[in-house]
Amino acid sequence: MRLVKQSFAPVLTVVGLLLVIWYAAAVWLNADWTYDKATRSGEVVTTSSLIKDTWAQKKPKLPAPHQVAAEIWSTTVEKKITSKRSLIYHSWVTLSATLLGFGLGTVLGTLLAVGIVFNRTMDMSVMPWVIASQTIPILAIAPMIIVVLNAVGISGLLPKAMISMYLSFFPVVVGMVKGLRSPEQMQLDQMRTWHASPSQTFWRLRLPASMPYFFTSLKIAMAASLVGAIVGELPTGAVAGLGARLLAGSYYGQTIQIWSALIMAAALAALLVGIIGLIQRASLKRMGMAQ
Amino acid sequence: MTSAPVISAKTLSLTFETNDGPVHALKDVSLDIEKGDFVSFIGPSGCGKTTFLRCMADLEQPTGGSITVNGVSAADARMARAYGYVFQAAGLYPWRTIGGNIRLPLEIMGYSKADQVERVARVLELVELSGFEKKFPWQLSGGMQQRASIARALAFDADILLMDEPFGALDEIVRDHLNEQLLRLWARTEKTIAFVTHSIPEAVYLSTKIVVMSPRPGRITDVIESTLPKERPLEIRETPEFLEIAHRVREGLRAGHADD
C-alpha cells in the first residue's frame, strides 16, 4: 500500500498540475471567439460566462479536458468497434501496423547488430548507413514509401509497417551492438581458455549479456514504431487509423477529434511500453539480473 | 625417473609495440615447471608475471623464444583444454546460478548431462561450497565467488591450474583462509599450479618454487626452491625457515629494483 502511494502520489500531482494549466490555457486561447460572439449579439461577457463558454465551444482552439474525455467516451464505449467512427477501430488499425513494424524492426535491428559485432567489414560499412538513415526526415520519406509500394500493388498494412520498421530498427541496432559488446575482455579470454566456438560464445555469453540493453532498446523502438505508423497513415488519404483521425480532424477543424486521437495515441504508447517493461522485469528477474 | 617438464619456456620474449616505442614485457625468460609443482610468480607491476602466465595459456603470443605445455605448443594445449585459468575477478555470469556457472565449461566441452551433475557436485565439495549450487553469484561473498570460480576451473579434466592473482581483491583474513584451502585442494588433486601474486607471505606459504621477477625488461631474477614441508599449517609462517625464504624473496625483489 505504501508503495502504491509512493508511486502514484507524484504522478497524480503532475496530472493535476497539467489539468489546471490546460483549463487555464483553454480559457485564454478560446476567449477571442467568445468575445467575438458576444460583440455580435451585444451580450456582456462576465468572468463566469467566459469560463463557461470557453470550456464548451464546438470548435475551440484548445478543447477543455472534459470535452476530450467526453469525445473519447462517446467514440469508444458508445460506438460499435466495427464502426468507422469508433476510436477503438482506428486504434486497432494503427496498432496492427505498429506491432508488425515493431516486429520487423526488432528482427532487422538484431540481425544487423549481430552482423556488425561479428564482421569487421559490416561494422565499417553498415553502421554509417544505419546512422545516415535516421537523419532523413521521416515525413519526407513516408509518402515515397507509400507511393512506391502502392505502384507495385502493395497497400494497406505493409507500407505503414515498413515506415514503423524504418524508425524502430535503429534503436535496436544501436542498443544490441552495445549489448553484444558488453562482455568484458576477461570474460572473452575465459571463453578462449575453454576453446569455445564463436557460436558458443554468442549464445552463452554475448546474447544473455545483451538482454538489459535489448529491453531498453525495445521500449524506444516501440514508441518510435507507433510514431511511424501514424505518420504512415497521413499520406494514404486518411482512410483509417489514428493518423487518419488527426488528418481528418485538421481538415474540418475538429480540434476535439484531434485531441482525442492524440490522447489515444499517447495512452497506446504508454500501454505498449508498459507491457515491455513488465516483460523486462519478469525475464531479467528470472535470469537473476533484476536491478 | 625424471619426466619431461609440464611447462617449459626457452628464452621467451614478448615485446609490445606502443606509441612510446617498444615495451619489453618479457625478455629471455627460461623456466621449467615439473609435474605437481606449485610455482608462484612474484614481482612488482610491469615485471611480466601475468604476461608470462598468459603466454602459457595462449592468451598472448610471444614474439621470441618458445614455450611448450604438456610437450606441445601453448595453442595446441589450449585447444586440448589442458589447463584451467582463474582470473583476478571471479567473472561469474550473473544470469547463471553457481552450479550453472560451473557447468558452463562442461557444456562447452560437451560433457554428458549425468557427468556434468556429478562433476559440479564434486568440485563444489572440493571448494567447500556444497549447498550453494542453486544460489546466484550476487548472493555470495567475494571470497565465495572466487572459490566458485576455482571450482569452475577444476570441473574439467585439466592437470594444470593457472591462477592470476586470484585472491588479490580479497581481504587478508579471507585470503589466509583461501590459501589454506588451496593447499589442501592441491594436495588432493595433485595438479600442477602456476600462481601469480604480489604478496610475499602468500608466495612463500603456498609454493614449492618461487620465481622472482623484475620489470623493464620483464625477466626472472631468482628462482627459489622452497625447503618447507608439504604439510603446512598457517603457523608455519612464524618459523625461522619460513622467514628465511621470505627474506630471500625480498632480497630478490630489491635486487631487481636496484638496476633501475
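What follows is a chat about a predicted model with chains A and B.

Trainee: Let's start with the two chains. How many residues of chain B are in contact with chain A?

Mentor: There are 16 on the chain B side, meeting 15 residues of chain A. Keep in mind that this is a predicted model.

Trainee: Which elements of chain B give two or more residues to that side?

Mentor: Those are α2 (74-79) and α3 (98-109) of chain B. The largest share comes from α3(B), with four residues.

Trainee: And how do the residues on that side divide into nonpolar, polar and charged?

Mentor: You get 13 nonpolar, one polar and two charged on the side of chain B that touches chain A.

Trainee: OK, over to chain A. Which residues are buried in helix α8?

Mentor: In α8(A), residues 185-193, the buried ones are A:Gln190, A:Met191 and A:Thr193.

Trainee: Where do they fall, seen down the helix axis?

Mentor: The buried residues of α8(A) sit within an arc of 160°, so they line one face of the helix.

Trainee: What covers them?

Mentor: The cover includes α9 (198-233) of chain A, and from chain B it includes α2 and β6 (83-86).

Trainee: Which residue just after α8(A) takes a positive phi?

Mentor: That's A:His195, at about 55°.

Trainee: Which residues make the contact?

Mentor: α4(A) brings A:Leu112, A:Gly115 and A:Ile116, while α5(A) brings A:Met122, A:Asp123, A:Val126, A:Met127 and A:Val130. By class, the contact has six nonpolar residues, one polar and one charged.

Trainee: Last topic, domains. How is chain B divided?

Mentor: Into domain 1, which covers 1-82 + 160-260, and domain 2, which covers 85-157. Their C-alpha centres are 24 Å apart.

Trainee: How many residues of each domain are in contact?

Mentor: In chain B, 17 residues of domain 1 contact 16 residues of domain 2. On the domain 1 side, β7 (160-164) and α6 (172-189) of chain B each supply at least two residues. α6(B) gives the most, with five.

Technical notes: Residues numbered from 1 in each chain as written. Chains lettered and ligands numbered in written order. Predicted model: local features only at pLDDT ≥ 70, side-chain atom pairs only at ≥ 80, totals over all residues. Contact = placed C-beta atoms within 7 Å. Nonpolar A, V, L, I, M, F, W, Y, C, P; charged D, E, K, R; others polar. Buried ≥ 20, exposed ≤ 12 C-beta atoms within 10 Å, placed from the backbone. Arc of directions from axis to C-beta. Domains from an automatic or database assignment.
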